[in-house]
Amino acid sequence: MNPILTVAGKEFRDDFRNRWTVALTILFALLALGIAWFGSAASGKVGFTSFDATLASLTTLGAFVIPLIGLLIAYDAIVGERDDGTLLLMLSYPLARGQLVAGKFLGHCGALAAATLAGFGLAVAIMQLMQPPAQTLQAWLHIGRFILSASLLGACFVGLACLISVQTVDKSRAAGLALIGWLISVVLFDLALLALLVVSGGNPVERAVYPYLLLFNPVDVFRLVNLTALGDGAGNDLLTGMTAHHTYSPLLLYLVMLAWATAPFAWAMLAFRRKEV
Amino acid sequence: MNHAIEFEALAKRYGTLAALDGVSACVPRGQVIGLLGHNGAGKSTLIKLILGLIAPSGGRLAVLGQSPWRAHALRRCIGYLPESATFYASLSGRELLDYLARLKQAPRGQAQALLERVGLAHAADRRIGTYSKGMRQRLGLAQALLGSPELVLLDEPTTGLDPQATRELYRIVGELRADGRCVLVSSHLLAELEPHIDGALILRQGQLLAAGSLDALSEQAALPAQVLLRPREYAMPELIARLETGGLSAQPRADGRLELQVPRASKLRMLRELLTDPAVVDLDVREPTLAQLYDWLGAGDRSTAEVAA
């Protein structure tokens with residue numbers, strides 16, 4: 001069997017064995033169900049409102065949680081083996097260094113995607129069971145898109161985690177860098193864009209450039225993929241308001257996400273090839 | 001391709017520091033070779049070069065007839081036991097070997113056979129985290145033998161092993177030799193290593209001090225044999241005087257015995273005389289050890305080298 005798949009299979013099983021996969025599945029299912037029934041509590045009613053509103057809230061929440069999980073699941077992929085003293089052993093086996101990184105990346109991405117599919121799939125099944133009006137094909141299409149884009153978003157951050165893991169000398173530094181990476185992409189990037197917008201006062205150049213600036217952050221691309229598809233009134237008015245006059249092609253958005261999923265990971269492979277052990 | 005490993009003017013520099021500075025030697029197939037030297041002598045660097053994990057800064061290196069740098073297919077023919085090996089603690093011994101066997105494309109079922117060979121069959125399904133140091137080391141040996149490698153590198157394999165486990169390890173090393181494999185063992189424990197190796201590579205500060213078979217090395221060093229005598233108490237002064245006239249200085253030891261350094265050339269003649277000497281009650285001959293050879297070559301600590309000389 002291909003060594004990449006052998007390593008990926010081992011990492012996937014390890015995530016399962018460490019209860020990562022099960023814990024994430026439960027977390028995702030509870031988040032989805034919680035939002036479905038209590039998401040509109042602020043407006044004074046408790047109970048299932050609409051599927052699209054649920055998905056919009058899930059998107060906002062997912063944009064925070066999924067990058068963090070992607071980073072946590074993989075930040076020690078390489079540096080952890082170095083700390084535990086198993087890295088030299090692995091490298092003495094007949095596999096190229098890039099193959100080791102690729103196997104770890106695919107294994108963790110697979111585990112995260114499986115948890116996303118199982119958790120959100122389960123939640124939607126429960127919603128449909130309890131709310132006959134929500135039993136539409138469109139609901140499944142939307143949640144399918146959500147699961148796909150969430151898995152891609154996870155992959156972006158698993159790739160970033162692999163890059164951090166290759167470049168750091170010990171686990172604690174890798175964990176610190178991972179948290180900084182999360183803070184920048186999830187919080188600071190959007191704040192910076194907002195500041196830019198406030199300072200420039202939304203002049204025409206700014207308005208023309210802004211939709212493209214969003215593509216520089218996979219978290220924003222993830223929001224765009226889901227929110228633009230849901231249409232108006234689904235929530236996150238700031239984002240949709242600013243980009244209302246700009247139509248994104250869904251294909252472009254997916255391609256950008258794919259690029260974001262592969263770029264840090266490819267960088268990690270190259271960096272690891274050059275690393276002295 | 002008579003040699004398992006050949007290197008010529010091999011060098012590895014890290015910045016200005018030379019970890020290996022132009023060493024040349026050959027390691028023949030079918031032999032057990034000791035790789036000796038203190039910490040920082042360049043043993044680990046040499047092992048990493050042989051595994052192809054780092055690129056040489058200069059010189060030529062051929063492992064099983066190929067340059068090993070980034071030749072990952074070549075590593076299917078090499079087994080490696082890292083120093084103080086650690087493994088994934090959450091896997092069982094069997095799971096680890098199955099995983100590594102797939103990576104090495106070793107035949108199915110070999111993992112089980114190896115677990116039995118190193119005496120771990122009873123613990124195969126326990127988590128590695130629960131293994132003792134000795135069991136982990138045996139598991140490490142088992143994984144090094146996956147895929148029946150031509151060349152086996154053992155880095156400090158006996159650190160932390162009890163004498164029983166050490167004997168077991170060298171029994172397996174002996175089986176590998178009988179099987180025609182080449183085994184390179186790095187160690188600090190010279191006395192323990194000595195009976196099990198055919199030759200040695202001795203490194204100091206990145207330089208090769210000596211290489212070759214143990215016989216050739218001791219021949220070259222011409223170290224004296226050490227003879228310990230237990231004289232009859234009243235005969236002691238007389239015996240010392242007699243030995244003095246024969247050109248040997250006897251050092252009395254704390255345990256009441258006399259210590260003689262007998263040159264190789266006159267060893268047998270001296271022993272014959274001593275055996276018939278009525279003043280001698282008991283006699284013990286110690287051949288020069290690898291440790292003494294090592295000191296003589298200057299690989300050891302300066303002070304111990306001077307004492308030996």
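**Hairpin, fold and interface of chain B**

B:Y14 stands opposite B:L17 of β2(B). The structure is a predicted model, in which local features need pLDDT of at least 70 and side-chain atom pairs count only at pLDDT 80 or more, while totals for chains, interfaces and linings use all residues. Residues are numbered from 1 along each chain as its sequence is written, and chains are lettered from A and ligands numbered from 1 in the order in which they are written.

Strands β1 (residues 3–14) and β2 (residues 17–28) of chain B pair in the antiparallel sense over nine bridges; pairing requires at least two DSSP bridges between the strands. Two residues lie between the strands in this hairpin, and B:G15 takes a positive phi near 65°.

Chain B contains eleven helices and 13 strands, taken as DSSP runs numbered from the N terminus (helices H or I, at least four residues; strands E, at least two). The C-alpha trace of chain B spans about 70 × 45 × 35 Å along its principal axes. Of its 309 residues, 39% count as buried (20 or more other C-beta atoms within 10 Å of the residue's own, C-beta atoms being placed from the backbone). Among contacts in chain B with a separation of 6 or more, 69% join residues 24 or more positions apart; a contact requires C-beta atoms, placed from the backbone, within 7 Å.

The contact between the chains takes 18 residues from chain A and 20 residues from chain B. On the side of chain A that touches chain B, α1 (3–17) and α5 (87–91) of chain A each supply at least two residues. The largest share, four residues, comes from α1(A).

Notes
Contact = placed C-beta atoms within 7 Å. Buried ≥ 20, exposed ≤ 12 C-beta atoms within 10 Å, placed from the backbone.
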